[in-house]
Amino acid sequence: MEDSTTLKQEKENQQLAEAVQPWEEETAASPQDLGPESFGPWEVEWAPDPGPRPRSSRARTPEPVGPVAEQAASSSPPSPQKPLSTLARQDLGALRQLDRITNGTLDAGTPLSDPPGQSTDARESAPPSQSGQDTSALTQQPDPSSKPSKPQELRPGSAQEEAWSSHQNRDQPGPKASEAAPSTLEIAVQNAKVYLLRASSKTGLNLYDHLSNMLTKILDERPENAIDFIETISQDVKMAHFSKKLDTLQNENEMLPTYEMAERQKALFLQGHLEGADQELEDEIAESSLPNVVESAFYFEQAGVGLGTDETYRIFLALKQLTDTHPVQRCRFWGKILGLEMNYIVAEVEFREGEDEEVEEEDATEAEERDNGESEVDKDEEDELPKSFYKPPQAIPKEESRTGANKYVYFVCNEPGRPWVKLPSVSPAQIVTARNIKKFFTGRLDAPIISYPPFPGNESNYLRAQIARISAGTHVSPLGFYQFGEEEGEEEEEVESGRDSFEENPDFEGIQVLDLVESLSNWVHHVQHILPQGRCTWFNPIAKNEEEEEEDEEKEEPDYIEQEVGPPLLTPISEDLEIQNIPAWTTRLSSSLIPQYGTAVLQSNLWPGAYAFCTGKKFENFYIGWGHKYSVDNYTPPVPPPVYQEYPSGPEIIEMDDPSVEEEQAFKAAQEAAELAPEDNEETGEGEDDADN
Amino acid sequence: MDAESLLLSLELAAGSGLGLSPDRRAALLTSLQLVKRDYRYDRVLFWGRILGIVADYYIAQGLSEDQLAPRKTLYSLNCIEWSLLPPATEERATQMAMVKGRFMGDPSHEYEHTEFQKMTAEDDVVVQVKEETRLVSVIDQIDKAVAIIPRGALFKTPFGPVHVNRTFEGLPLSEARKLSSYFHFREPVGLKNKTLLEKADLDPSLDFLDSLEHDIPKGSWSIQMERGNSLVVLRSLLWPGFTFFHTPRTRNHGYIYVGTGEKNMDLPFML
């Protein structure tokens with residue numbers, strides 16, 4: 001304890017050395033209690049606390065020097081110093097000496113061996129000034145002064161005795177003279193200290209310890225303008241007091257998800273550690289279907305679009321993991337869709353020929369519908385209920401994989417490091433409904449979509465539908481990059497439904513960046529437009545209807561449905577419709593300051609978040625956003641359709657109208673008349689009889 | 001986001017995908033220093049970017065000592081030359097309600113809309129509104145609606161002014177996912193409506209702002225942990241494009257708005 005205090009004093013001394021000088025001027029004030037003064041040396045011992053209390057603490061520094069040294073030497077409490085401090089105070093000269101001593105102590109760096117000699121001197125000079133009157137410095141804060149003194153006073157008196165004995169040589173005149181004075185001081189100090197050490201009834205803390213902790217903290221950290229937020233510091237110290245009692249296990253739980261994620265991502269980095277000869281490495285490089293994500297990210301960064309370099313790299317590694325585990329022909333980082341709870345990172349993948357992993361789900365749904373139709377027929381026969389002539393509209397079959405909207409397969413994951421999940425193929429009904437609803441993604445693929453019109457599927461289907469729409473609407477490439485394939489035999493059929501295949505143009509020479517920026521006709525869509533039907537190639541539902549309805553008695557007149565036509569593949573984007581006088585696309589040059597090395601950047605105004613860049617020869621598309629289309633007017637949900645005339649209206653099922661008031665009254669009157677009539681008849685009969693008579 | 005920690009903040013906010021290109025970043029670093037010196041602001045915040053059809057607006061805000069005092073807003077088209085915007089007023093806000101659609105990117109562009117005069121039988125008045133005014137009110141609306149800070153980042157002195165809390169060490173992980181740990185960075189509106197019981201639990205120096213818990217519509221904030229759980233990101237669904245990030249247990253926090261400057265009025269349908 002003593003050592004710590006002495007060390008504290010050491011520190012305090014060193015720290016307060018500078019303070020000593022200003023203090024010196026202050027000492028000339030009028031004296032006050034003896035009490036506070038005597039506290040000086042004690043305060044020193046209690047090093048950090050006096051720090052913020054400017055003058056009083058500083059006042060004490062000179063004393064501590066001496067006592068510190070002495071204490072170190074004698075390891076005795078400062079009690080003897082009390083008188084010394086009071087003496088010292090009064091004499092400015094003495095103080096200056098002490099000051100020098102303090103400085104000397106500081107310079108020495110080592111604690112206590114040196115000071116004793118010096119402090120002896122100091123003390124010798126100090127004592128004469130002892131009068132216990134100069135409390136100028138102490139004046140201002142009697143309480144704090146009492147604090148430091150308290151601890152020391154409480155030390156067993158024996159220590160005091162020892163100290164005295166060790167100092168006898170030097171301090172003869174002073175101490176003896178002041179011996180009498182400290183007694184009242186001592187008592188006052190003791191009282192003050194007892195008050196401070198009194199534990200709070202609520203929290204068990206006491207002011208003394210709190211103040212010492214606080215000042216320790218301040219002196220350790222040395223913040224600027226500490227006075228401005230001293231209250232906050234006080235609160236923090238209090239809170240720290242409690243937080244230590246928390247179980248370390250609790251903190252572990254908090255960080256667990258972080259560590260978990262970090263482990264997963266570490267696995268990403270380690271997957272590349274293939275043990276093998278260079279042969280494998282070469283193979284890997286030759287067959288790599290991995291896109292150069294980092295390069296594209298660099299160009300997108302020029303446009304101000306991007307996920308941050310390290311996140312992009314992690315996504316890169318995750319894509320590599322995807323290509324390693326699945327037979328992928330080509331893979332592309334499609335983009336990121338934000339969600340409420342989690343986000344989706346989407347990869348566009350094209351499987352190798354013949355490696356299609358699609359499950360035939362379509363048959364199942366079709367079979368269901370047929371079953372429903374049959375069961376309805378059975379019911380009618382049994383119950384003889386009016387036969388509904390409602391036929392659900394022909395379900396439009398979804399496109400085969402690798403064609404149209406299902407040209408690519410999409411994988412999503414929530415964060416790089418998590419497993420990739422394959423999204424199901426999209427059906428036209430899903431696309432049509434997705435056009436009519438607007439919902440945020442939650443981040444969980446199995447979340448239900450509750451909407452009107454009801455969406456056939458859950459979030460994974462909705463996500464897939466939106467991805468299909470965004471791809472169809474915003475995937476563009478520079479003019480000439482893709483060209484139509486060589487003429488094939490069945491060209492006529494293709495012409496009808498629109499060309500749907502293209503290939504890279506080996507002779508593509510690149511377009512000037514400036515041209516790309518200036519004119520929108522230099523960009524073309526390379527994904528087929530999705531027709532209102534929900535497919536890319538028109539499907540005529542009537543043809544099938546005729547086949548199926550041959551059995552039915554009632555034959556509807558085949559409605560003539562116009563073939564839906566959309567813009568053919570590779571149309572320039574300048575043909576895109578405008579949104580209320582705003583062009584559908586905005587072009588920018590990535591850097592206006594250095595145009596020669598800039599890239600052309602294309603932003604979609606229809607799908608905010610869709611970007612494309614092109615640097616002459618290289619180009620890439622990217623999407624980052626919430627996954628919704630832009631519309632100037634607010635979204636209005638579609639109105640439910642009018643009640644459908646399901647049944648033929650005939651006398652059996654037509655509802656009788658309720659009679660109107662007049663009809664009711666007429667009926668009532670008629671009824672009454674009918675009742676009265678027999679009575680009348682009787683009366684009239686009687687009357688008649690009378691009449692006859 | 002603070003201009004002092006611009007680079008780190010941009011990196012942390014990059015999860016939303018839209019940020020700044022390197023040349024803009026470099027330009028901002030230099031020009032914001034100059035703005036701070038010229039206008040003598042205590043702190044300069046890079047507020048964000050409003051995307052226009054032709055050009056983008058880069059917005060910065062300057063704060064004085066008192067963090068809650070009205071802020072000065074500046075805008076620039078090239079991140080080098082900044083112009084001060086006039087303060088927002090109520091009547092401007094009402095005018096703006098009629099203007100819809102994207103920002104053009106030209107500050108002097110005028111939106112026209114006709115105001116139907118019901119009182120008089122005169123012709124409908126065609127009101128012209130400048131894009132600059134629209135910019136002012138949109139920024140003001142966004143600030144009032146979604147600008148947020150974590151609890152404890154600011155504290156109120158007994159004399160009134162609000163200062164940055166230098167002993168703020170970040171939210172602990174357990175608190176970081178709760179909406180109640182984040183406050184609106186504007187004059188509190190709903191504090192008086194709290195019951196006495198609630199008020200008793202509040203710390204007057206730290207809890208003097210509205211928390212996000214009672215925002216209407218409920219669910220208009222999306223809280224996520226990114227970067228393997230080491231970063232908390234709040235995104236506003238009412239003003240899509242607004243991102244707030246905070247690294248728990250550190251002092252890093254900030255917000256940025258990169259978007260078209262349009263409110264998402266379809267929010268109730270989308271939740």
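Reader: What sits over the ring of B:Phe185?
Author: In this predicted model, the charged end of B:Arg71 sits over that ring, 4.3 Å from the centre of B:Phe185.

Reader: And which ring lies under the charged end of B:Arg134?
Author: The ring of B:Phe103 does, with the charged end of B:Arg134 placed 4.2 Å from the ring centre.

Reader: Turning to chain A, how many of the residues of strand E1 are buried?
Author: Eight of the 10 residues in strand E1 of chain A, residues 328-337, are buried, so the strand is largely enclosed by the rest of the structure.

Reader: In which sense does E1(A) pair with strand E2 of chain A?
Author: The two pair in the antiparallel sense over eight bridges, E2(A) covering residues 344-351. They form a hairpin with six residues between them. One of the bridges links A:Lys336 to A:Ile345 in E2(A).

Reader: What about E12(A): how many bridges join that strand to E1(A)?
Author: Three bridges join E1(A) to E12(A), residues 619-625, and these strands run parallel. A:Ile337 has A:Gly625 in E12(A) as its bridge partner.

Reader: Now the aromatics. How many aromatic pairs are there over all chains?
Author: A search of the whole structure finds 24. Among them is the edge-to-face pair of A:Trp334 and A:Tyr410, at 6.4 Å centre to centre with 85 degrees between the planes. A:Trp334 lies in strand E1 and A:Tyr410 in strand E3 of chain A, so the pair ties together parts 76 residues apart in sequence.

Reader: Are A:Trp334 and A:Tyr410 buried or exposed?
Author: Both A:Trp334 and A:Tyr410 are buried.

Reader: Which residues form the aromatic cluster with A:Phe333?
Author: A:Phe298, A:Tyr299, A:Phe300, A:Phe613 and A:Phe622 form one cluster with A:Phe333.

Key: Residues numbered from 1 in each chain as written. Chains lettered and ligands numbered in written order. Predicted model: local features only at pLDDT ≥ 70, side-chain atom pairs only at ≥ 80, totals over all residues. Heavy atoms only, no water. Buried < 20%, exposed > 50% of the residue type's maximum accessible area, 1.4 Å probe, protein only. Helix = DSSP H or I, 4+ residues; strand = E, 2+ residues; numbered from the N terminus. Pairing = 2+ DSSP bridges. Phe/Tyr/Trp six-rings, centres within 6.5 Å; stacked < 30°, edge-to-face > 60°. Lys NZ or Arg CZ within 6 Å of the ring centre and 35° of its normal.
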